[in-house]
Amino acid sequence: MTRIALEGITLLADDVAAMGAFFEDVLGFEVAVRESDYLALANDGVRLAVFRRAGLADHTNGHPSFTSPRGGQAVELNFECDSPAEVATEFDRIIAAGGTEIARPTVQAWGHFTGFFGDPAGNIHSLFAVIPVEERPAPGERATPPA
């Protein structure tokens, strides 16, 4: 089988400028390409881009995925921090800068300290730090946020 590599992820938005401002000003990405219908963000590894929904409809013969009203979550980006303290600080900064608070950071069963926030297009993303195994609560023990 031929190997197919994941090169990029494109988020769809009706307002590319608002998404660009959020990813640039709030999340700290550099913009590599800025056009009225498209934005590419500089990133190590996989390319992250934002494209206007109607623009993709133009390129896909008006496919209903791009012309119908948006409904429900289609993608989640996961942003990793070095520590739970950084998660707490960055989460508060993101919310203060215009992100939508979905769920404040808490210890999750899978061993991460994770918070969820929304971007201007309504996508929900996570901000997390891995909790070292030796610091994770025992099964059934009440989880408290790490220091």
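**Close-up views of a predicted model**

View 1. Helices here are DSSP runs of H or I with at least four residues, strands are runs of E with at least two, and both are numbered from the N terminus. Residues are numbered from 1 along each chain as its sequence is written, and side-chain values use heavy atoms, leaving out hydrogens and water.

**View 2. The buried side of the story in helix 1.** Which residues of helix 1 are buried? They are Val16, Met19, Gly20, Phe22, Phe23 and Val26. Buried means under 20% relative accessible area, exposed means over 50%, and partly exposed lies in between (1.4 Å probe, protein chains only). An α-helix has 3.6 residues a turn, so residues three or four places apart point the same way.

**View 3. Phenylalanine 23 and its neighbours.** Leaving aside residues up to four places away in sequence, phenylalanine 23 touches Leu11, Gly28, Phe29, Leu41, Leu48, Leu77, Phe79, Asp119 and His125. A contact means heavy atoms within 4.5 Å.

**View 4. The largest nonpolar core.** This core has 25 residues, and Phe23, Leu27, Phe79, Phe117 and Leu127 have the most contacts inside it. At least two core residues come from each of strand 1 (8–13), helix 1 (16–26), strand 3 (38–42), strand 4 (47–52), helix 4 (84–96), strand 7 (112–118) and strand 8 (124–130). Helix 1 gives the largest share, five residues. A nonpolar core is a set of buried Ala, Val, Leu, Ile, Met, Phe, Trp, Tyr and Cys residues joined through side-chain atoms within 4.5 Å. In soluble globular proteins, nonpolar side chains tend to be buried together.

**View 5. Asparagine 61 in its loop.** Look for asparagine 61 in the loop between helix 2 (53–59) and helix 3 (64–67). Its phi is near 55°, a positive value in a residue other than glycine. Most residues other than glycine have a negative phi. Is asparagine 61 buried or exposed? Asparagine 61 is exposed, with a relative accessible area of 79%.

Notes
Predicted model: local features only at pLDDT ≥ 70, side-chain atom pairs only at ≥ 80, totals over all residues.
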